[in-house]
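The sequence and the model are shown first.

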Amino acid sequence: MSNSKTLIVVESPSKGHHIQEYLGSDYIVMASKGHITELAKGGKHGLGVDIANNFKPRYVLSEDKFDVLDSLLAACKKVDKIYIASDPDREGEAIAWHIAERLADTGKPIKRIVFNEIKKAKVLKAVNEPREINMDLFHSQEARRVLDRLVGFTASPFLMNFFGKNLSAGRVQSVVTRIVIDREREIEAFVPEEFWTIQVALSKDKIEFITKYSKQLKDLKSAEDAKKRLNMQEYIVSEVSSEEERKYPQAPLVTSTLQRIMSKVHGMSADETMKAAQALYESGYCTYIRTDSVRVGDEALEEVRKYLSDNKYDIPKKSIIYKNKNEVQDAHECIRPSDLSLLPNSNFAIIDPNEKLVYQTIWQYFVASQMTPAVYNTLKITANVKGDPTAEVKAFGKALKSKGFLEILGIEDDSKIDIPFVNKGDILTLSGKVPVRMDKKKTQPPPRFSEDKLIKELEDKNIGRPATYADLLVKLTSRNYVEKKGSVFHATDLGKKITDILTKHFTFMDYNYTSKMECQLDDIESGKSNYLDMLNKFYPPYKKELDKAYINNGGSLCEKCNSPMSTRTVKETGAKFFGCTQYPKCSFTKNE
């Protein structure tokens, strides 16, 4: 071979097209189109995981990837070395490992390269800094995959065996369902409580404004007594405070905040958001869109501060540095535009409406994150009936003084201070036709979850990871355990029933337990923990719970291997019998 050639394997064809342009003819860029292998299902492989042999997974080539692998193997013959450039996260590392395994017999050296944006300089830098596959990242993904398979493929048959066909359980999915069910139960159990509010209209120099009685009123007698005491002609101002209030920009976007903003502001589902964001990333418009990190690279910080200065925006004296919660996140950057000069409303090549909206949001929030705060003038006054300090009312107002970062976000704030200028000791008088107004109200139940609020709840409870939220929310309504009405999730009777059964029998349904498992997966990623230790700690107690669940619901254990027995049907005759759930590894049967 006269020239040294390199094969670069990426995940998507659209990404590959750009990279090929950057690198030229010494490189062959090809796409794996995501994962090329999957965990084996059914048949002689059973779970696809050999529990007795250190939870060894059995991977098989995906049916739709035979041609992809053949093409990659053919390309390997024309090159001297192979670089795998799948996405820079756990899933991407796993894809790289599986591709490397399938190409290992070519004898060509295989390395991993990563970049978090498809920009010529970044790609060239990555090509010059190849590394080995990160086995901690890979094992973190593999541990998650094996855990999900162990639970999904054993708890689902338990449900189907005793409670009906086509039922399923998922290690994280069932916990997300439980969040919706628990909220539904809170709403059903909610007993509204009555309370009363009192507004008092006062005036100074014929300028009327509304004040509120400051104490809680939980019964009618207290409310009527307060109303009577407040219905006095003269009030005296006891306190006046006027100060500036600053509202700071939020950190640059991460996966979850992007999903939440798109849902809340634009009514876009997490799934739609991620599809649009992925397309933007692959076309080189933004950095990698699956990230928990708010960190901004030095180069990007300089670029955004220069853009703001050049366009006459006020900026803080120093760059704003946002902190991540842990070191795993710090390996990545926030979501930001690759080129700030591509303004959201300019006529460049983004055509899809969803992609336009997502790009605009990424651009605006990144730029806003390095701007000065919005500043409000506030005025707070306290007054009481003359001669009765306990009959106290308050009024508060605020008005925008300087927009700061709100200008870039396009947020209009026309709030005004509708309170006249007063000093401590000034006399105010009752005003209007009904100067003292009492209203009866009731406390409200907690609201059902919208996508935005459910993603916030998942973050708060540390359940799942932002990269998985879109998939979790798509699956949430697929089994009729939860249904979406308008913009909010409702529990179904079937969902309540299945959640109760799983919660009764399995620890994985516990919120804290699931959160701890997420932390353990992070520890595997950062090299602090061993994935086999995690699986060995998880499985024996889980297996005991599974066996007990079968027995408590009238089932039995296999006399040969101690696995649960399930009801089977002979196709020809319809006769029922008990068969071991480990079939074909164990073929023990007995009559019902």
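## Aromatic cluster

In this predicted model, one aromatic cluster is formed by Phe55, Phe158, Phe162, Phe163, Phe506, Phe508, Phe538, Tyr539, Tyr542 and Tyr550. The structure as a whole holds 17 aromatic pairs.

The rings of Phe508 and Tyr542 have centres 6.3 Å apart and planes at 55°; because planes count as stacked under 30 degrees and as edge-to-face over 60, this pair is tilted. Phe508 belongs to the loop between α15 (493-505) and α16 (511-525), whereas Tyr542 belongs to helix α17 (residues 531-552), so the pair ties together parts that are 34 residues apart in sequence. Both Phe508 and Tyr542 are buried.

A further pair joins Tyr542 to Tyr539: their ring centres are 6.3 Å apart and their planes stand at 50°, so this pair is tilted. Here both residues lie in helix α17, three residues apart, about one turn of the helix. Tyr539 has a relative accessibility of 11% and counts as buried; Tyr542, with 2%, also counts as buried.

## Charges over rings

The charged end of Lys398 sits over the ring of Tyr376, at 4.4 Å from the ring centre. Likewise, the charged end of Lys461 sits over the ring of Tyr511, at 4.9 Å from its centre.

## Surroundings of Thr514

Helix α16 contains Thr514, which counts as buried at 2% relative accessibility. A polar atom of the Thr514 side chain lies 3.0 Å from the backbone oxygen of Asp510.

Leaving aside residues up to four places away in sequence, Thr514 touches Val175, Asn462, Ile463 and Phe508. Through Phe508, this set of contacts includes a member of the aromatic cluster.

## Helix α5 and its ends

Helix α5 (residues 135-163) has 29 residues, which at 1.5 Å a residue should span 42 Å; the end C-alpha atoms are 41 Å apart, so the two values agree. Among the residues of the aromatic cluster, Phe158, Phe162 and Phe163 fall within the range of this helix.

At the start of α5, a side-chain oxygen of Asn134 reaches to within 2.9 Å of the backbone nitrogen of Asp136. At the other end, α5 is followed by Gly164, a residue with a positive phi, near 130°.

Notes. Residues are numbered from 1 along each chain as its sequence is written. This is a predicted model: local features need pLDDT of at least 70, side-chain atom pairs count only at pLDDT 80 or more; totals for chains, interfaces and linings use all residues. Side-chain values use heavy atoms; hydrogens and water are left out. Rings of Phe, Tyr and Trp (its six-membered ring) pair if their centres lie within 6.5 Å; planes under 30 degrees apart count as stacked, over 60 as edge-to-face and the rest as tilted. Helices (H or I, at least four residues) and strands (E, at least two) are DSSP runs, numbered from the N terminus. Buried means under 20% relative accessible area, exposed over 50%, partly exposed in between (1.4 Å probe, protein chains only). A charge sits over a ring if NZ of Lys or CZ of Arg is within 6 Å of the ring centre and within 35 degrees of the ring normal. A polar contact is a pair of N or O atoms within 3.5 Å; within protein, one must be able to donate a hydrogen and the other to accept it, and residues adjacent in sequence count only if both atoms are side-chain atoms. Contact means heavy atoms within 4.5 Å. The expected span of a helix is 1.5 Å times one less than its number of residues.
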